[in-house]
Amino acid sequence: MEEHERAARLRVDALQAELREAEAVWERFVTARETVAEVLAEPCGGRGASPVVVVGEGPARVVGAVPGSVVPVWRGGLAAAALAPDYQRLVDALTGENGSRAGAMDCRQLAVAVGLEPVPAKVEGVRSKVKRLAARGWLAEERPGMFSAVVGRCGGS
């Protein structure tokens with residue numbers, strides 16, 4: 001009986017050590033997830049980060065975003081050039097070629113306006129992008145599924 005008790009105690013000790021190790025790993029994942037969420041929630045994806053600036057002769061200029069970059073939260077003075085090319089095309093389709101508002105469009109119309117086939121996969125990709133632009137203040141969702149440019153926000157692309 002004592003031997004069974006001793007074996008059980010050793011097993012409990014081993015399992016407790018394994019549990020402590022698993023909890024430490026889990027805590028690192030929780031911390032990492034929270035850090036990523038904080039960074040993505042901040043404008044421009046980082047603390048005090050500003051758009052990429054190239055210093056040359058004369059005033060500094062903002063370099064456009066690259067494909068796959070994070071959509072920044074809109075703020076005064078930020079031009080559509082700060083957006084990745086796919087997002088810029090969507091904003092341009094809604095602002096019109098001369099900067100005048102083109103009016104509200106649904107995702108199917110936007111897909112066609114940027115040169116995509118209006119098939120479900122492409123329309124859903126557009127929907128995802130314009131929802132993100134609307135959530136970050138670049139566009140307005142006038143009613144569910146209808147998007148438009150916000151006056152004075154998307155010019156200067």
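These notebook entries record what I looked up in a predicted model of one protein chain.

**Entry 1. Overall layout**

I began with the secondary structure and found four helices and four strands in the protein chain. Read from the N terminus, the elements follow the order α-β-β-α-α-α-β-β. I then looked up burial, and of the 157 residues in the protein chain, 22% are buried. For contacts with a separation of 6 or more, I noted that 45% join residues 24 or more positions apart.

**Entry 2. Helix 2 and its cover**

I next asked which residues of helix 2 are buried. They are Tyr87, Leu90, Val91, Ala93, Leu94 and Thr95. As background, I recalled that an α-helix has 3.6 residues a turn, so residues three or four places apart point the same way. The cover over the buried residues of helix 2 includes helix 3 (107-113), helix 4, strand 3 (139-143) and strand 4 (146-149). After helix 2 comes Gly96, and I recorded its phi as positive, near 85 degrees.

**Entry 3. Helix 2 against helix 4**

I turned to the pair formed by helix 2 and helix 4. In general, two packed helices are described by the angle between their axes and the distance between the axes. Here the axes of helix 2 and helix 4 come within 10 Å and cross at roughly 80 degrees. Angles of 65 to 115 degrees count as roughly perpendicular, and helix 2 and helix 4 are therefore roughly perpendicular to each other.

I listed the residues that meet. From helix 2 they are Asp86, Tyr87, Leu90 and Val91, and from helix 4 they are Val126, Lys129, Val130, Arg132 and Leu133. By class, this contact of helix 2 with helix 4 holds six nonpolar, no polar and three charged residues.

**Entry 4. The second largest pocket**

I asked which residues line the second largest pocket. The lining consists of Asp86, Arg89, Leu90, Val114, Leu116, Ala121, Lys122, Gly125, Val126 and Lys129. Helix 2 (85-95) and helix 4 (120-135) are the elements that each give two or more residues to this lining. Helix 4 gives the most, with five residues. The space in the second largest pocket is about 160 Å³.

**Entry 5. Val150**

I located Val150 in the segment after strand 4. Is Val150 buried or partly exposed? Its relative accessible area is 22%. Buried means under 20%, so Val150 is partly exposed. Beyond the residues up to four places away in sequence, Val150 touches Gly137, Trp138, Leu139 and Ala140.

**Entry 6. Asp106**

I found Asp106 in the loop between helix 2 and helix 3. Asp106 has 28% relative accessibility and counts as partly exposed. Which residues does Asp106 contact, leaving aside neighbours within four places in sequence? They are Gly145 and Met146. The C-alpha atoms of Asp106 and Gly145 are separated by 5.5 Å, although these residues are 39 residues apart along the chain.

Methods:
Residues are numbered from 1 along each chain as its sequence is written. This is a predicted model: local features need pLDDT of at least 70, side-chain atom pairs count only at pLDDT 80 or more; totals for chains, interfaces and linings use all residues. Side-chain values use heavy atoms; hydrogens and water are left out. On a 1 Å grid over the protein atoms alone, a cavity is a set of points where a 1.4 Å probe fits but cannot get out, and a pocket is an open set with protein on both sides within 12 Å along at least five of seven lines; lining residues have an atom within 4 Å of a point. Grid points are joined across faces, edges and corners, and a volume is the space filled by probe spheres set on the points. Axes are lines fitted to C-alpha atoms, for helices over the stretch in contact, and angles run from 0 to 180 degrees between N-to-C directions. Angles under 35 degrees count as roughly parallel, over 145 as roughly antiparallel, 65 to 115 as roughly perpendicular and the rest as oblique. Contact means heavy atoms within 4.5 Å. Ala, Val, Leu, Ile, Met, Phe, Trp, Tyr, Cys and Pro count as nonpolar, Asp, Glu, Lys and Arg as charged, and the others, Gly among them, as polar. Buried means under 20% relative accessible area, exposed over 50%, partly exposed in between (1.4 Å probe, protein chains only).
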